[in-house]
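Trainee: Could we go through this model together, asking each time what a term rests on?
Mentor: Gladly; let us take one term at a time and set each value against its definition.

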Amino acid sequence: MKTAKILFWLFFLSFFTSPLLFAQELLINHVNIITMQDDKVLEDHSIYVKDGVIMEIAPEEEISVAGIRTLDGRGMYIFPGLAEFHAHLPNPEQYGPEFQEEVLWLYLANGVLRIRSMLGYESHLTLKQRVEKGEIPGPRMFISGPSLNGNSVADPEAGRKMVRDQKTAGYDHLKLHPGLDTPKFLAIADEAKKVGIYYGGHVSQDVGLVTSVTNGYRSVEHIDGYLEAMVTDKSKLDPTKSGPFNMQAVGDVDMSLLPGLIKMTLENKAYVAPTMTLFERYFGYQPAYELRQQPEMFYLPGQLVTQWFNTKSQLEGNGVLAEEKVKPYLEFRQKLFLELHEAGVPMIMSSDSPQVFNVPGFSIHREIESMSLAGMSNYEILKTGSVNCAAYYEEEGEWGVLKPGAAAEFVMVQKNPLEDLAIMQRPQAIMIGGKFMQRDEFMLELNLIRQKYIRQ
């Protein structure tokens, strides 16, 4: 590293470990800005933020403000914070409320500044409010309510009541799980439209992808509803024979049906949360003992990692995850993902964390790797975690982009992520909620979490 760069970082760290860390007004000069309004980079620009909002982006000489703190960001790049749109905030009854706050730090330390939590508890609404009030640091949250599924919904009227209750409680979204029959689903969909709340999730086999999407599904989770819709012989979808998520039914898929399903998806403005990395890790053929030893596992309670290990090991022991069985399925998912994307179906960045060997925050970078391997461009990958997620909630321009009037939520890195996706794994600083936090602060928090969960 050149001497000038070393001096810059010494200044950077000394400046932002002071009380000025929480300054509500800041001007960053000589920084390269990826606005996500297009795939261009605004080189050597300044960004002026005040009270959590971007006030101005322009060359330094065009911004006239006085009496505020400034930072020289020479050589650095900033881009909108990433979103994880299939997260699962922990249930405090499992590992305590402290674990909830630790998970928030895991997201922030990985540049994840927005999450859509897809299985809610009442405590999640309180957690969301505490973050919004600035009482604790964390990403901005959209919270789904408790699951609506074949067991929790007794009949259509019970489904309607659950929808009303969740809307009244303040949830942002409804999460549907398998097991719903068509009458229950249609009642839920109808009531959700009446009260004005988004809904989506797994595709119940009795309902099917077409009925789900044409009746207002905002997001199809895990992409596998498309696989099932292209298997015309539904007897092939017996999970006792076809395996988890019907992975063994890949050979029975009729790809000639995909264009019609894509047309239907586009016409109904539905989104897809592909969760590529979840299937590669949970249902992939990489051994559980290897995944258990990966560095990010040491930021979680040992009991949880052991539970994941046992779950995957049981599938391995039963021969479900043999490479010859799993590889065709994973390759099919990559192909299906890319065809949906290239046809214009909007994807939202989602990894399903925490879930089997998917650690909050860290798993988003594994999802990014998976999307890249499938063939998606770097710019389009960034869109899935920014522009597309804001559009999902019809909040285009309010966040997920860097422009005057938008939320000042961004990540600072040392290289251009449009050229090097891996650089996003090492955020040097983030800005959220009017606060600028640099790497030392969140690495300190991560080290404290790791020390807490040291396993002998």
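Trainee: What is Ser386 in contact with, leaving aside its neighbours within four places in sequence?
Mentor: In this predicted model, Ser386 is in contact with Met36, Pro80, Trp399 and Gly400, and the word contact is used because heavy atoms lie within 4.5 Å.

Trainee: Why is Ser386 called buried?
Mentor: The word buried requires a relative accessible area under 20%; Ser386 has 2%, so Ser386 is buried. Its place in the chain is the loop between helix 16 and helix 17 (387-392).

Trainee: How do you know that the span of helix 14 agrees with what a helix should span?
Mentor: Helix 14 comprises the 20 residues 323-342, and the expected span is 1.5 Å times one less than the number of residues. That gives 28 Å, and because the end C-alpha atoms are 28 Å apart, the two values agree.

Trainee: Which residues of helix 14 are buried, and what covers them?
Mentor: The buried residues include Val326, Tyr329, Leu330, Arg333, Phe337 and His341. Among the elements that cover the buried residues of helix 14 are helix 8 (224-229), helix 10 (258-267) and helix 15 (362-374). Just after helix 14, Gly344 takes a positive phi of about 100°.

Trainee: What makes strand 6 and strand 7 a pair?
Mentor: Two strands pair if there are at least two bridges between them; strand 6 and strand 7 (residues 112-117) have 4 bridges, in the parallel sense, so they count as a pair. One of the partners in strand 7 is Arg114, which is bridged to Ala83.

Trainee: How much space lies in the largest pocket, and which residues are closest to its centre?
Mentor: The largest pocket holds about 550 Å³ of space. Of its 26 lining residues, His88, Leu119, Trp308, Pro354 and Gln355 are the closest to the centre, while helix 13 gives the largest share of the lining, 4 residues.

Note on methods:
Residues numbered from 1 in each chain as written. Predicted model: local features only at pLDDT ≥ 70, side-chain atom pairs only at ≥ 80, totals over all residues. Heavy atoms only, no water. Helix = DSSP H or I, 4+ residues; strand = E, 2+ residues; numbered from the N terminus. Buried < 20%, exposed > 50% of the residue type's maximum accessible area, 1.4 Å probe, protein only. 1 Å grid on protein atoms, 1.4 Å probe; cavity = no way out; pocket = protein on both sides within 12 Å on 5 of 7 lines; lining within 4 Å. Points joined across faces, edges and corners; volume = space filled by probe spheres on them.
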